Amino acid sequence: DGDDVHIAIIEPGNIHPHDIAPREFREQANRALAFAPALAIEPNASSAVTRAVLTNTLDATMEAHIAFDVPADSSWEITPVEVRLRARAGETADQTFDFFYDFAEFAPLPTYRYTLKYAGTTIFERSGSVSPKLSSIPAWTLAGGDGIGADIDLEDDGVEWVEATTDKNSRIDLTKHFDGENQTAYARVFVYSPNARDVVAAARSGGALRVLVGDAEAGSDVGSSADPTYVSLPLEAGWNRVLVESRSHEGGWGFALHISDVDGKLKFSAQPQE
């Protein structure tokens, strides 16, 4: 520009000032906002809390705009529903959010979006859905095939259970273990709880399934949907058998089940435990 030269570092999707190395800047910017609205949800509770912390280790002012969208037909309430955080170089800003819900009317869940600015320029925009904090179950045992039906005692010695592990999406692919149409498959896992409690479970399936704790049905008709179905699992103190029943269908036969472990004290086993 005349006698002046302006230098910038350009890479796909981004233009950075010349005095900021892209990798270093991105790493610091990625760490600037600690905000993960995965909540410690319990069926017998009605509120949860999360926190957003903006820590500025860069050289200019950073701003974060966080907003929640609560569907009109939702039971959720959030305070505050929108906030702007501002932190100058070397400063920290934070905000606590209170969530109120009715587990009987848990869905639809609120969504969120946030924008992060550096020196007045937007550098990140993110969005997602508020959700319970859930743990995956890596190993199950499966039983199924032509000899399995509603009148079969699943704990009978004649039922053969085989171990199976979840894939990278925490899903059990039943087509890898059973062939044919109009078949029923069962997946079981044993969950240890130090005390009696109700926990949240999120179930996804390519077709309808049932979830049982012991002999009690916790959720039925979990259908194919982009969104999980949330159910309450009543756990007793000690080991509990959690059973998933699924019928074969077209278009990817399988399921995923995640369970909340708010205090980190649950244990999972694919095999029966005393």
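This is a predicted model: local features need pLDDT of at least 70, side-chain atom pairs count only at pLDDT 80 or more; totals for chains, interfaces and linings use all residues.
**Exercise 1.** Describe the largest nonpolar core, and then name the elements that supply at least two residues of it.

*Solution.* The largest nonpolar core has 36 residues, and Phe35, Leu54, Ile66 and Phe68 are those with the most contacts inside it. The elements that each supply at least two residues of this core include helix α1 (22-32) and the strands β5 (47-55), β6 (62-69) and β18 (197-205). There is also a second, separate core of 28 residues, which includes Phe178, Ala185, Leu235 and Trp253.

**Exercise 2.** Decide whether Ala29 is buried or exposed, and find its contacts beyond four places in sequence.

*Solution.* First, locate the residue: Ala29 is found in helix α1. Next, compare its relative accessibility with the cut-off: a residue is called buried under 20%, so Ala29, at 2%, counts as buried. Then, leaving aside neighbours within four places in sequence, list the residues in contact with Ala29, which are Leu116, Ile123 and Phe124. Finally, take one of these pairs: Ala29 and Ile123 are 94 residues apart in sequence, while their C-alpha atoms are 8.3 Å apart in space.

Notes
Residues are numbered from 1 along each chain as its sequence is written. Side-chain values use heavy atoms; hydrogens and water are left out. A nonpolar core is a set of buried Ala, Val, Leu, Ile, Met, Phe, Trp, Tyr and Cys residues joined through side-chain atoms within 4.5 Å. Buried means under 20% relative accessible area, exposed over 50%, partly exposed in between (1.4 Å probe, protein chains only). Helices (H or I, at least four residues) and strands (E, at least two) are DSSP runs, numbered from the N terminus. Contact means heavy atoms within 4.5 Å.
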